[in-house]
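Open the model in your viewer and keep the selection tool ready. This tour goes stop by stop.

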Amino acid sequence: MGKTGGIDLGGTKIQAAVMDENHTAIGSARCPTPASEGPEATAAAMAKMLRDAASAAGVEVSELDGVGIGTPGEMEGDGVVANVVNIVDWKDPFPLAATVGEALGGVEVKVGNDVDVATWGEFKLGAGQPFDSVLGVFWGTGVGGGIVLNGELWGGRGSAGEIGHMVVEIDGRKCGCGRRGCLEAYAGRRSMEAHAKHLVEKGHKTKLFEIAEKKGKDHVTSGVIASALKKHDRMAANLLEEALQMLAVTMASAGNLLDVDAIVLGGGMGTRFGPVYLEELKTLMRPHEFAVEPPQVVVAGLGDLGGAVGASLLIDATTATPAAR
Ligand SMILES: [Zn+2]
């Protein structure tokens, strides 16, 4: 096994990394997801980030054994992806693997579900390594989940692990999926930002949007929220507290159902706030946990690059994960 590439297509950003023979990232690059520009522009940005990651690593793209992509949406086989709801004009099937592969000079490209590859990455290389069964919770723009049971990914009939759409409040806040009261409607970064906007329109004060502008960000990113917390912004604190509470209830409930060895908390928000609020999260989970010894809760070990590192495992036959489901 030689060097590999991995690309994580997120709702907010594209992250690419080049891994050495031991799956350690030796170069990386990131850019905002051109979500308003459609699949062609997104594929071009992904290829560019991978090339940038390769040059940061001092490696030619042609030297790579292949490039794995973790993406949201529906896998249609042969690297074709449909229904990426976060990106405009990406309802119809789009040949993602072929397009990125061509832009990278013909290197082999494989595509997998973003949360599956991230969970598999944590299971094989990260915080999930000591365990046989884990639930991965990826708290970022949205909230995704992946399940490994006895060493194998559990995909259900194609839609397992949708922890972000477990209901935390009947008839509650509107979720991006069109339903109401989902975890994601409270804890997803995009929903938190939308709720903050709503509160500002109602006359509440916050520094969130001012900080985003100062940082040159189009969105209230996890970094913007962190800065607002440092400035004792009450709205940011309330939004984060609510997100943690809803995450805790859902993670405890999922633990009651699955009784896995561990729950691994990752994603852009999870890797930023997880280390700081892990004890609080556990305390919030405790009243809802059925088992005397509930699943351990650990923060993802691969950090923010976990999605890209996990995606690169699509290329390694010895750690093969279901490439398409
Ligand atoms: Zn939902």
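What follows is a walk through the domains, a helix, a loop and a metal site.

**Before you start.** This is a predicted model, where local features need pLDDT of at least 70 and side-chain atom pairs count only at pLDDT 80 or more, while totals for chains, interfaces and linings use all residues. Residues are numbered from 1 along each chain as its sequence is written, and side-chain values use heavy atoms, with hydrogens and water left out.

**Stop 1: the domains.** Color 4-114 + 306-312 as domain 1. The C-alpha centres of domain 1 and domain 2 are 24 Å apart.

**Stop 2: helix 3.** Select residues 114-125. Helices here are DSSP runs (H or I, at least four residues), and strands are too (E, at least two), numbered from the N terminus. Helix 3 has 12 residues and reaches 16 Å from its first C-alpha to its last. That is close to the 16 Å expected at 1.5 Å a residue, where the expected span is 1.5 Å times one less than the number of residues.

Is helix 3 enclosed or open? It is largely enclosed by the rest of the structure, because 10 of its 12 residues are buried. Buried means under 20% relative accessible area, exposed over 50%, partly exposed in between (1.4 Å probe, protein chains only). Among the buried residues are Trp120 and Phe123.

Now pick Asn113. This residue caps the N-terminal end of helix 3, with a side-chain oxygen 3.0 Å from the backbone nitrogen of Val115.

**Stop 3: a loop.** Go to the loop between helix 1 (38-57) and strand 4 (67-71), and find Leu64. Leu64 is buried, at 6% relative accessible area. Its contacts (heavy atoms within 4.5 Å) include Val18, Leu50 and Val107, leaving aside neighbours within four places in sequence.

Val61 sits in the loop between helix 1 and strand 4. Val61 is buried too, at 14%. Not counting residues up to four places away in sequence, Val61 touches Leu50, Arg51, Ala54, Leu104 and Val107.

**Stop 4: the zinc ion.** Which residues hold its protein donors? Select His165 (ND1), Cys175 (SG), Cys177 (SG) and Cys182 (SG), 2.0 to 2.4 Å from the zinc ion. Donors are N, O and S atoms within 2.8 Å of the metal (3.2 Å for Na, K and Ca). Along the chain their spacing is H-x9-C-x1-C-x4-C. The site is tetrahedral, with angles of 106 to 116° among its four donor atoms; four donors count as tetrahedral if all angles lie between 85 and 135 degrees. Cys175 and Cys182 are buried.

Definitions and conventions: Tetrahedral: all angles 85-135°; square planar, octahedral: opposite > 155°, others 65-115°. Polar contact = N/O pair within 3.5 Å; in protein donor to acceptor, adjacent residues only side chain to side chain. Domains from an automatic or database assignment.
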